[in-house]
Amino acid sequence: MSIRALWVVSHEKGESGKVRFSRRFPTVEFRAKSLAGTQYVAIPEDCVIPQLLLTELGLVDADKPYVEVRDDCARQHRSPAVELRFNGPGGRTLWPVLTVTQGPLILACLPLVEAPPGPRPPLPSLASVSQGLALLSGLQDFLCGPGGKPEPDVQASRLAALPSVLLQVCPLGRPLDTPPPAGLVPAAVAPSPGGAQKQPAWKAGVHRGRAVVSVALTEKVRSMQYGKSSQQDIWDVYGMVMCKCEVEGVLPNVTVTLTLPPNGSPLQDILVHPCVTSLDASILTACSVDENDGSAFSGPYKFPFSPPLELFRLCSYTSQVPVPPILGSYQLKAEENHLKVNVVLKLHESVKNSFEYCEAHIPFFNQNLMGNVEVKVSSGQLEVSKEKNLLVWVLGQKFPKSREATLEGTVYFSGTVAGPTDPLCTGLTAYIKLYFRVPDLTLSGCSVDQHSVQVYSSAKPRIVTTRELVSSEYYIWNSTGAAPVSSGLVVL
Amino acid sequence: MTIADPWDQRISAFLLSPSEFLATTTSESFLAEVLHELRNDKANDQLKVLLVSVLLEHPTILCPSSSVGEETAVELLSVFSNVPQKSIVLKCNIMLAITNVIICTSCLATHTKTAEDWLDLLFQTIQDTNDFRCGLSQQALRATACDCLREMETCNPGLLSQKLEALYLLKQQETTVLHQSYCMLYALGLKNAVRILAKQKDVTDLEFKSILGGNEGFAWKNSQLGLTSLPINMMVQVPCLPPGLDCKELKSIMSSLLDESYLLTPISQSALLRELVEVVAMVPGLSPTLFKSQLLRLFGTADVSLMHATLFMKDTFTDSLFTAEDENFLLKRLVGTAQHPLLRISEKLFYMECILHFPENRPISSSGEESLPVLVTPRLAASLHPTVFNDSATMLCRLNLLCLVHLEADEGEADKGIDYLFDHIMALLKIVDNDGSREVVVTSFRGLYIFLTHFNGVEQLSEKLIDRLCDMYSRHSRLAPNLIGLADRIQENLDDPVWSVKLLRGLQKSIMEMPPLQLTIHNLSWHLKILKRVAKEGQITQKNTIYLLLNVLINSNLCERGNWQVGNAVLAVCRNLLEHPSIDQMFIELADLLQYISVHYDDTDIKDHARFYYTLLTNLSWEKLTGLLVKGLDGGRAKERSHSAIIAESEGIASNLTVHKTNRHVLQLIKVHEKASQNSSENSESSQTMAEAENWLEVYQSQFQTPGFGSEVTLRYNLTHVKESDPLFDKVFTICLHFELKDSNYAKVSDIHVPCVFKDRKPPEVKVKLKPFQPYPTTLCISAIFTTQDGRSWHSRLPDVGVSFPEIFLPVPLPLNTSCESKEQVFDHIWEAAASGNPDKSAISLFCFKTGDESLATLIERHFQGYLITDHPTERLWKVLFFLPPMCHVLLKITQAEDAVQVSVATDNWELLPFVNSYLQNITDQRSTTVTDG
């Protein structure tokens with residue numbers, strides 16, 4: 001359950017990789033050597049690591065169309081672990097190297113293979129693999145923060161802090177914890193009072209100050225709508241409950257309860273944070289890969305837990321809702337150098353007509369740049385971005401009373417300069433992408449009642465609950481063109 | 001700026017490439033510098049942490065032997081004890097460094113005193129729980145000490161096996177965040193103790209109980225368990241305690257550990273669960289149902305390491321903990337998590353691997369290969385179908401999984417599923433056709449490969465794929481290398497290579513059918529690559545290829561342009577055609593083509609090559625021809641290199657042209673041991689004429705007027721393979737040895753060339769000629785460039801060769817037949833001169849020792865044989881002269897007194913005295929010695 005080495009390599013386009021941080025664990029290496037015997041492969045020096053990693057990840061020689069070591073079709077990149085090959089063809093390999101890529105940063109670690117020398121053991125038989133994955137995820141959050149793209153100087157200072165972080169979470173190659181996510185470290189923390197109650201290892205101290213519990217429920221809806229009888233529309237919803245509990249005590253008890261409306265469809269694939277102390281078996285039974293029998297448990301979903309100090313994801317779920325919130329139709333007709341466009345968006349009656357924002361993006365690929373745009377909308381405004389070949393239909397906060405909005409007109413491509421290209425959207429294959437957010441709404445009907453949040457502590461905390469619905473990958477495909485299949489679910 | 005900056009740079013240079021860094025200094029001196037700076041009171045903590053990092057990361061490079069390791073650990077320990085209390089981070093880092101050094105240099109395994117002291121100190125540290133008086137910050141020290149102990153216990157299992165009671169109490173007392181450290185340490189100690197006991201034959205209740213109540217010293221004797229202690233899922237047979245032992249106490253300990261596991265971080269929790277699972281597996285008296293209370297929490301977890309630990313539990317206990325219903329449920333959860341929108345890609349990929357290696361209660365096979373659990377039906381896996389919206393890895397992983405699913409499925413269902421996968425492949429190819437990025441192209445070909453390895457038998461689909469690929473090739477000839485790669489890999493990995501042949505035939509056809517306009521120079525090079533590959537297939541007729549080539553050459557200006565690369569690519573096709581089994585049927589056409597090139601192509605080299613092929617074709621039978629072309633020791637690269645296609649048109653060639661580097665030693669120099677008497681100077685031929693000369697000193701000194709006289713030492717070595725070298729290097733050729741000296745006391749050593757070294761033959765002898773400016777010991781750094789049998793060139797370092805002080809000794813350079821008297825005359829003259837301080841650097845010294853079991857005569861015979869000037873055993877007096885180039889002398893007068901031997905030393909270079917002294921000390925070994933300078 002240890003890792004032999006850890007690297008952070010940066011890779012800017014057109015440049016060779018650079019080791020930004022590295023750490024080897026010699027005692028683990030010592031064990032690796034003795035476990036592998038004659039099959040032992042030593043870790044190469046840091047100066048050659050970036051090239052080896054980038055080759056494996058297909059990031060070298062961007063200007064060459066085909067490089068055998070990089071592009072060989074029999075090399076299967078379908079595992080979280082890659083192998084590094086050195087000393088040319090027939091050389092030795094280092095396996096399993098786990099990698100995580102975020103922007104220009106590549107995080108990699110080499111878990112110890114605790115197996116007798118011989119054929120490669122399956123990845124799931126190695127305990128250190130999941131620990132390595134967890135460590136890399138933690139490092140990723142620590143280095144990149146919640147936004148994923150920190151400023152260079154912020155990132156540099158986080159990289160500089162890595163040695164002291166590793167001193168705590170992985171001093172001798174054995175992960176003990178994940179690094180604290182950047183930007184989520186709470187302010188008002190007092191040292192543990194001591195006493196009989198054991199302090200959890202995942203909680204550095206206790207909260208001091210006003211007691212506040214915030215529970216935020218966010219649901220995301222994805223959809224692929226084709227407007228054809230031959231291709232079934234699909235949509236799904238997934239939700240997560242984020243909690244921040246500022247409550248006194250070493251191990252305060254909090255219970256959050258999710259409830260569904262009377263005929264709501266059950267929450268599925270529920271995953272909980274490790275701080276949840278106990279779970280009822282019925283909560284876990286519903287699973288999206290299963291056929292649904294109507295008798296499934298549909299709440300209330302109780303999650304008793306003892307919170308960590310920082311913001312955390314208490315639980316997540318998926319849900320199958322009967323209708324998509326916005327049903328769209330998109331029709332394109334090609335005529336000489338212009339396209340006739342017709343879009344209709346209908347807001348379902350069960351959805352509250354009160355958006356924070358709602359936009360439809362209509363891009364045109366593989367065309368010359370736009371010229372005249374003669375398009376009318378029945379509601380909201382239209383923004384035209386000619387250099388991007390993009391129409392942005394801003395629907396604003398509300399659909400009209402009829403809950404239906406239309407866009408109609410003609411787009412001319414009179415320019416001689418080629419616009420943006422996309423290998424997927426050729427011919428009449430085209431889509432609209434919707435972006436919207438509706439506060440105080442969930443599609444599944446799931447909610448956290450303020451009064452259902454129970455906190456067992458001396459001071460009565462203020463309890464804040466919110467919920468929202470946000471779109472994610474919400475596509476409406478042109479029904480007059482071929483659209484790519486996006487899920488195997490509809491096949492069977 | 002501060003002094004820290006050069007250290008910053010030096011340390012990052014060292015960490016980036018220790019070998020490069022140490023090329024300019026030695027590990028010894030670098031280590032000494034680091035340790036010295038660590039003791040510098042003025043250096044700040046930050047710098048010291050940086051300094052310690054070199055030992056933290058590369059202890060074995062800096063401490064190559066366990067004695068150096070031990071010394072370093074002692075040094076670090078003294079630094080550690082002098083670090084002020086408040087420098088917690090530095091203290092923790094030094095703690096880790098000491099642990100690293102002690103484990104990695106085998107100080108722990110060999111049970112050295114330092115390791116013992118260090119263990120005691122660590123244990124004292126974790127026992128000192130009163131550190132809150134110094135504030136919370138001191139806790140880090142204890143946490144680090146716990147982890148150090150845990151690592152030492154891991155490397156030496158059982159070390160803590162007699163201390164479990166003490167550890168248990170510490171764990172119970174600790175209520176701060178540190179209890180995790182104590183808990184993990186205890187759990188590991190417990191597991192190893194049980195394991196050691198389980199290996200024993202008969203275990204009594206008392207013995208069993210005593211492990212829990214142990215409160216003694218460290219158990220060094222247990223190290224025989226060694227590092228072979230694998231986790232139980234890797235063992236063929238799990239060691240087991242006998243049934244019927246009283247497990248009450250152990251059971252309650254296990255329960256309390258499990259109850260508190262919730263207080264641990266998820267990663268540590270998963271580690272703890274694994275330790276406890278192993279304990280339960282080894283103790284029949286404990287039931288796996290102990291874990292029952294944790295299962296629901298674990299089934300629902302979002303944490304990958306906890307989920308993984310649950311699968312480990314499943315693998316270990318199967319149906320004694322997991323019912324069939326549980327199994328079904330767990331598998332469904334896995335499929336669900338493998339596509340959960342909120343999990344990370346790497347986690348989902350891992351879960352898919354877990355599905356393919358799912359520990360079933362009743363597995364059908366247990367080969368360790370990927371296999372689908374029976375419960376995974378097409379319906380269950382439907383949500384894992386690949387789509388064009390997936391990232392590459394996810395798409396390929398899902399495709400592979402679904403191929404297996406539909407391969408196993410019932411007919412009706414399978415057809416639907418396979419159709420879906422086929423449509424998916426077609427959708428990918430459509431993107432490629434629409435100028436998808438390189439990544440899309442590579443991913444699509446990988447997808448094709450996966451699909452074909454599973455379904456190449458479905459003829460209707462695989463034929464459709466060929467049509468589609470050929471159609472695409474006619475528009476995108478840049479796909480040539482991808483297509484060739486696909487054909488090659490499929491041919492290699494499937495029993496039935498028909499598909500590849502069909503694809504290649506299709507590609508040949510689509511090239512033939514291309515309108516001439518499309519045969520531009522750029523596209524042509526891709527087409528030639530394809531045709532070259534097609535020409536390798538005996539089942540494909542090649543006449544059309546030849547017609548096309550001839551046609552292109554005649555009807556274009558290619559011949560006038562005389563582009564060497566194009567010409568060479570055409571010849572590469574011809575070369576493969578020469579080997580084609582149906583060459584008889586296309587003999588005339590090929591001859592025409594070659595002749596046309598040899599006459600019309602405007603490049604001499606190409607013409608020559610074409611003429612050469614023409615000659616081969618027209619004069620040799622096919623058998624001889626192929627025999628010749630395939631020639632080359634193992635086919636492969638040497639073949640390609642020996643004839644046409646020499647330029648870098650394939651990567652294989654590029655690999656021939658580069659010098660590969662290996663970081664492992666391949667060759668080494670082993671000193672040839674010879675008797676000193678044989679080593680007589682080569683400069684002593686023209687001697688007899690001087691036999692009558694009177695003043696031998698003058699004669700002797702006059703010799704040095706000749707430039708270069710007596711200035712060289714020749715050392716003889718055998719050039720051999722290192723013990724464990726790769727079979728690739730069993731036969732190496734044209735070795736060029738290059739020497740670098742670590743100091744400036746010697747002239748540059750010239751390169752030495754050796755024709756070949758074979759592992760199973762007598763090693764060749766290498767004579768290294770050293771020209772000292774100062775005759776001090778030195779080290780030779782040697783590298784070699786050589787060629788292996790497959791034609792590749794390699795660069796490799798040899799282990800350093802030390803040249804010791806006595807190796808530079810030469811006998812006095814006087815003619816061979818000089819009489820003893822004359823030699824003595826020279827000796828006495830030099831002695832007198834030295835004694836009277838002439839030249840300036842002369843010095844006299846005395847060295848005494850007691851003779852031991854070995855008589856003085858034996859000692860003299862062994863070490864001074866070739867250098868003896870006079871030998872008067874009766875007088876108990878010996879005179880010895882060492883000549884050291886370029887012109888130094890060390891003279892010894894050895895006399896035996898009553899209880900000791902006196903060695904009077906005279907030299908004309910006092911700087912040699914320390915070396916002389918240690919040399920004498922060395923050969924007289926362990927005898928009491930005294931030295932007085934004169």
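The following questions and answers set computed values of this predicted model against the definitions behind the terms.

This is a predicted model in which local features need pLDDT of at least 70 and side-chain atom pairs count only at pLDDT 80 or more, while totals for chains, interfaces and linings use all residues. Residues are numbered from 1 along each chain as its sequence is written, chains are lettered from A and ligands numbered from 1 in the order in which they are written, and side-chain values use heavy atoms, with hydrogens and water left out.

Q: Why are helix 14 and helix 16 of chain B called roughly parallel?
A: Helix 14 (residues 266–282) and helix 16 (residues 304–317) of chain B pack at an angle of about 10°, with their axes 8 Å apart. Axes are lines fitted to C-alpha atoms, for helices over the stretch in contact, and angles run from 0 to 180 degrees between N-to-C directions. Angles under 35 degrees count as roughly parallel, over 145 as roughly antiparallel, 65 to 115 as roughly perpendicular and the rest as oblique. Helix 14 and helix 16 of chain B are therefore roughly parallel to each other.

Q: What makes the contact of helix 14 with helix 16 of chain B, and which classes do its residues fall into?
A: Contact means heavy atoms within 4.5 Å. On the side of helix 14 of chain B the residues include B:Leu273, B:Val277 and B:Ala281, and they meet residues of helix 16 of chain B, among them B:Leu306, B:Phe312 and B:Met313. The residues of this contact divide into 11 nonpolar, five polar and two charged. In this division Ala, Val, Leu, Ile, Met, Phe, Trp, Tyr, Cys and Pro count as nonpolar, Asp, Glu, Lys and Arg as charged, and the others, Gly among them, as polar.

Q: How do you know that helix 1 of chain A and helix 9 of chain B are roughly parallel?
A: Helix 1 of chain A and helix 9 of chain B pack at an angle of about 10°, with their axes 11 Å apart. The two helices are therefore roughly parallel to each other. Their contact is made by A:Thr27, A:Val28, A:Phe30 and A:Arg31 of helix 1 of chain A and B:Glu151, B:Thr154 and B:Cys155 of helix 9 of chain B. By class, this contact has three nonpolar, two polar and two charged residues.

Q: What makes a space in this structure a cavity, and how many are there?
A: On a 1 Å grid over the protein atoms alone, a cavity is a set of points where a 1.4 Å probe fits but cannot get out, and lining residues have an atom within 4 Å of a point. The structure holds eight cavities of 30 Å³ or more. About 300 Å³ of space lies in the largest cavity, where a volume is the space filled by probe spheres set on the points, joined across faces, edges and corners.

Q: Which residues and helices line the largest cavity?
A: The lining has 21 residues, of which A:Glu114, B:Thr154, B:Lys191, B:Ser229 and B:Pro231 lie nearest the centre of the cavity. Helix 1 (26–36) of chain A and helix 9 (139–155), helix 11 (179–199) and helix 14 of chain B each supply at least two lining residues. Helix 11 of chain B gives the most, with four residues. The lining divides into nine nonpolar, three polar and nine charged residues.

Q: Why are strand 14 and strand 17 of chain A called edge strands?
A: Four strands of chain A form an open antiparallel sheet in the order 14-15-20-17. Strand 14 (326–335) and strand 17 (373–377) each pair on one side only. Two strands pair if DSSP finds at least two bridges between them; helices (H or I, at least four residues) and strands (E, at least two) are DSSP runs, numbered from the N terminus. Strand 14 of chain A is joined to strand 15 (residues 338–347) of chain A by 10 bridges, and A:Glu335 has A:His338 as its bridge partner.

Q: How do you know that strand 3 and strand 6 of chain B pair?
A: Strand 3 (residues 713–721) and strand 6 of chain B share six bridges in the antiparallel sense, and B:Arg716 has B:Lys767 as its bridge partner.

Notes:
On a 1 Å grid over the protein atoms alone, a cavity is a set of points where a 1.4 Å probe fits but cannot get out, and a pocket is an open set with protein on both sides within 12 Å along at least five of seven lines; lining residues have an atom within 4 Å of a point.
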